[in-house]
Amino acid sequence: MTTAPPAVRSLELEITGTCQATCSHCFADSGPTVTHGTMTGEDWKRVINEASDLGVELVQFIGGEPTLRPDLPELLTHALRRGLTVEVFSNLIHVRRGMWDVFALPGVSLGTSYYSDRADEHEQITRVRGSYRRTRDNIVTAVGRGISVRAGIVHVLDEQRVDEAAAELRLLGVEHISIDRTRAFGRGASGKAPDPSELCGRCTRGRGAVMPNGDVTGCVMSRAWPAGNVQEQPLGAILTGSGWADIVKLVPEPVAGACTPDDSGDCDPANTPACAPKHSLPIIHSPALGVSA
């Protein structure tokens, strides 16, 4: 007997494909020449309204680099007004001065990516000169302002200083750290066809995602298998439709008891005892979601 997946409580909103970086492992193929997509600000507000009505509790603004979308503050405050908890997943390479007040609003937290305690190695991955220092300094600023920060480290290079990066993050005051390997999606796939076995099993099971073109998927990693499009149907109709049921069947069941770090906080140590730091700091090789570049 098949058990119905839990209702979606966490929704990733990929509001742009634009990014300063062109990380080799980026699941979204983001970069400076990629656009914000076809979803307008009003489209995103409508999706946020529908998500709130459906009982979604957390929305994550992700990209690309979400802070490069000019209307992020407006979208974020709209989500807060609808009673949603918000995370902004940013590379923290550049933060406009006014954004710090937005990040400090009650109900908002930050997620970011970090790769090494050495600038040369970090920047070999991001391909942005100076990105290590900028990201590090902005983490320090966020922690100093009392803004909750979590960090994801993706193992991209041989002999990468992953453990040292985690140790540095702890010294900077980051409490929630996850480590994962590169997942075979986007540039991380190196030209291979998307494979659902690379997913952690949480896609569709309590979570979902909306892409810059309006496609609804199980998570930002599973964009190759859309269930519908919010520019054509209401979000609720998609999440209860046959297309969603089809991708639920496609996504492998999660490994019982495994701590699978992801990019939207579903396995945040603060929320999931199984994912306490002592479990999430080693490199985890079971299928899991990576973290945005």
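Trainee: How many disulfides does the count come to?

Mentor: The count comes to one disulfide. Keep in mind that this is a predicted model.

Trainee: What is a disulfide, in general?

Mentor: It is a covalent bond between the sulfur atoms of two cysteines. Here the disulfide joins C203 to C219, with an S to S distance of 2.3 Å.

Trainee: Where in the chain do C203 and C219 lie?

Mentor: C203 is in the loop between β6 (176-181) and β7 (207-210). C219 is in the loop between β8 (215-217) and β9 (228-229). The two are 16 residues apart, and the pair links distant parts of the chain.

Trainee: Why is the disulfide of C203 and C219 called right-handed?

Mentor: Look at the torsion about the S-S bond. For C203 and C219 that torsion is about 50 degrees, so the disulfide is right-handed.

Trainee: Is C203 buried or exposed?

Mentor: Read the relative accessible area. Under 20% means buried. C203 has 0% relative accessibility, so C203 counts as buried. C219 is buried too, because its relative accessible area is 0%.

Trainee: Which cysteine sulfur is nearest to that of C19?

Mentor: The sulfur of C23, 6.4 Å away. A disulfide needs sulfur atoms within 2.5 Å. C19 is in no disulfide, and C23 is in no disulfide.

Trainee: Are C19 and C23 buried or exposed?

Mentor: C19 is buried, with a relative accessible area of 3%. C23 is buried as well, at 1%.

Trainee: Now helices. At what angle do α4 and α5 pack?

Mentor: Compare the directions of the two axes. Helix α4 (residues 119-126) and helix α5 (residues 131-144) pack at an angle of about 100 degrees. Their axes are 8 Å apart. Angles of 65 to 115 degrees count as roughly perpendicular, so α4 is roughly perpendicular to α5.

Trainee: Which residues meet there?

Mentor: From α4, take A119, H122, E123 and T126. They meet S131, Y132, R133 and T135 in α5. By class, this contact of α4 with α5 has two nonpolar, four polar and two charged residues.

Trainee: What does the side chain of D43 have 3.0 Å from one of its polar atoms?

Mentor: The backbone nitrogen of T40. Next, leave aside neighbours within four places in sequence. D43 is then in contact with T38 and Q231.

Definitions and conventions: Residues numbered from 1 in each chain as written. Predicted model: local features only at pLDDT ≥ 70, side-chain atom pairs only at ≥ 80, totals over all residues. Heavy atoms only, no water. Axes fitted to C-alpha atoms, helices over the stretch in contact; angles between N-to-C directions. Helix = DSSP H or I, 4+ residues; strand = E, 2+ residues; numbered from the N terminus. Parallel < 35°, antiparallel > 145°, perpendicular 65-115°, else oblique. Contact = heavy atoms within 4.5 Å. Nonpolar A, V, L, I, M, F, W, Y, C, P; charged D, E, K, R; others polar. Buried < 20%, exposed > 50% of the residue type's maximum accessible area, 1.4 Å probe, protein only. Polar contact = N/O pair within 3.5 Å; in protein donor to acceptor, adjacent residues only side chain to side chain.
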